Amino acid sequence: MDDKIINVENISKIFNPFPLRKKERGPGLWVANLVRLRRIKENEIVALQEVNLFVNRGEIFAIIGPNGAGKTTLIKILSGLLYPTKGNGTVSGLDIIKDHEKLKSIVSFVSASFWMGLEWQFTAYENILQYAIMLGVPQDTAKKRIKEYGEFFHIDYFDKKVPALSAGMRQIISVIRGLVVDRPILYLDEPFVSLDPEKRMALSEVVKTLANKGKTILISSHEFTDLDVFHPRSVMLYKGKTIGYGFAEELLPEKGIIPYSLRLSEFLPDLESALFESGIIACKVPKELIVLDRVFNVRLLVRSERVNDLINEILKRKIKILDIKKESISLKDAYLYRVNNEVLN
Ligand SMILES: Nc1ncnc2c1ncn2[C@@H]1O[C@H](COP(=O)(O)OP(=O)(O)OP(=O)(O)O)[C@@H](O)[C@H]1O
Ligand SMILES: [Mg+2]
């Protein structure tokens, strides 16, 4: 049975760079605040707008969206680090506003920027151990977990001080620090940043294992390939608004779209325009999806009833089809479709 451990109801967050002054008194304050009221409206930043979602216990749930979409803000609110401006939410039965102090003690939060919080005079090992002890993990347990994760991630630089670590090394140390704390709810905000493919795969494996053991994991990333391995339900944010919610297939608003990977002898803009304008493909092809490796590798979102037209359009230009493969809808497909087709145009 589903067990909704995280519930978010109509959460909005407005950052206000010019808060009203409250402490002073007197008529001057009225005038000052009136001026500020105008500046507030002009300058307020809507980081989240009426976001609704739930996450089941033991689920890996993804938060996706471009820079500034509100991903980190949402995670901070669900960690008790920020209050929402409006809306309600609970995490494991705790109210995100009233119980925010308790909330901090049941979640473990790892962010791509947290390596900055590492103490530079300590070694990697000392950083993880001290952090775990401060957050209430018994020393022996912490040491045992550090050893296990160290072996799993092949860490041979535990004894190096932070300035001597590379960017990826610092990142994995800050991830291990969050894992060693071992709480029922884990928030991973851009955990794959700077990690090499081997570490990324290892981290994905840890995430899957923890979810299988019943931990609930919220993960944000721009690396869609890393997220697709979980086939997660997701919320897609854009400028604070929810533009999609569900599995990758559900994030595409249009039904009957099939991604195809093609290897072509040529893929030039006139073919792309012809395919898009005649409605054969549902989305223009972002440059990053055209990979030139002697031949052109391209991924197209094709309307299922137009596959024959696709082949004809290609062949009539005397372009060779070296390979064509039907794929399943990925988070990246859904994301690029929404951001390119709807939001930017
Ligand atoms: N403390 C703050 N004060 C004012 N504005 C803020 C603050 N924190 C975030 N914002 C703004 O809120 C919006 C959402 O920021 P947030 O960090 O949640 O985005 P994000 O989706 O995590 O982006 P990224 O992919 O770059 O990490 C942005 O416009 C940002 O400038
Ligand atoms: Mg962020």
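The legends below describe several close-up views of one predicted model, beginning with the protein as a whole.

Because this is a predicted model, local features need pLDDT of at least 70 and side-chain atom pairs count only at pLDDT 80 or more, while totals for chains, interfaces and linings use all residues. Residues are numbered from 1 along each chain as its sequence is written, and chains are lettered from A and ligands numbered from 1 in the order in which they are written.

**View 1**
The protein holds twelve helices and 14 strands, where helices (H or I, at least four residues) and strands (E, at least two) are DSSP runs numbered from the N terminus. Its C-alpha trace spans about 75 × 60 × 45 Å along the principal axes. Of the 345 residues, 37% are buried; a residue is called buried if 20 or more other C-beta atoms lie within 10 Å of its own, exposed if 12 or fewer, and partly exposed in between, with C-beta atoms placed from the backbone. Two residues are in contact if their C-beta atoms, placed from the backbone, lie within 7 Å, and among contacts between residues at least 6 apart in sequence, 77% join residues at least 24 apart. The protein is divided into domain 1 (56-82 + 95-250) and domain 2 (253-328), with bounds that come from an automatic or database domain assignment. The centres of domain 1 and domain 2, taken over C-alpha atoms, are separated by 37 Å.

Around ligand 1 stand Phe-15, Ile-45, Ala-47, Gly-65, Asn-67, Gly-68, Ala-69, Gly-70, Lys-71, Thr-72 and Thr-73, a residue being near a molecule if its C-beta atom, placed from the backbone, lies within 6 Å of it. Four residues of this shell are nonpolar, six are polar and one is charged, under a scheme in which Ala, Val, Leu, Ile, Met, Phe, Trp, Tyr, Cys and Pro count as nonpolar, Asp, Glu, Lys and Arg as charged, and the others, Gly among them, as polar. Both β2 (45-56) and α2 (71-78) supply at least two residues of the shell, and the largest share, three residues, comes from α2. Helix α2 is itself mostly covered, with seven of its eight residues buried, namely Lys-71, Thr-72, Thr-73, Leu-74, Ile-75, Ile-77 and Leu-78. After α2 comes Gly-80, whose phi is positive, near 80°.

Strand β8 (residues 216-220) is mostly covered, since five of its five residues are buried. Thr-216, Leu-218 and Ser-220 point one way from β8, whereas Ile-217 and Ile-219 point the other way. In a regular strand the side chains alternate between the two faces of the sheet. Strand β3 (residues 60-64) runs parallel to β8 and is joined to β8 by four bridges, while β7 (residues 185-189) pairs with β8 in the parallel sense over five bridges; two strands pair if DSSP finds at least two bridges between them. Ser-220 of β8 is the bridge partner of Ile-63 and also of Asp-189.

**View 1. An open sheet of four strands.**
This sheet has the order β12-β13-β11-β14, with antiparallel pairing. Strands β12 (290-293) and β14 (321-326) stand at the edges, each with a single partner strand, so one side of each is left without a neighbour in the sheet. Neighbouring strands are turned by 20° against each other on average, direction ignored, where axes are lines fitted to C-alpha atoms, for helices over the stretch in contact, and angles run from 0 to 180 degrees between N-to-C directions. Eight bridges join β11 (residues 257-264) to β13 (residues 295-303), and the bridge partner of Leu-264 in β13 is Phe-296.

Lys-161 lies in the loop between α5 (139-152) and α6 (167-181) and counts as partly exposed because 16 C-beta neighbours lie inside 10 Å. Not counting residues up to four places away in sequence, Lys-161 touches Trp-120, Gln-121, Phe-122 and Thr-123.
Most residues other than glycine have a negative phi. Ser-92, in the loop between β4 (86-91) and β5 (94-95), has a positive phi of about 50° although it is not a glycine. Lys-318, in the loop between α11 (307-315) and β14, likewise has a positive phi, of about 65°. Ser-92 is partly exposed, with 17 other C-beta atoms within 10 Å, whereas Lys-318 counts as exposed, with 8 C-beta neighbours inside 10 Å.
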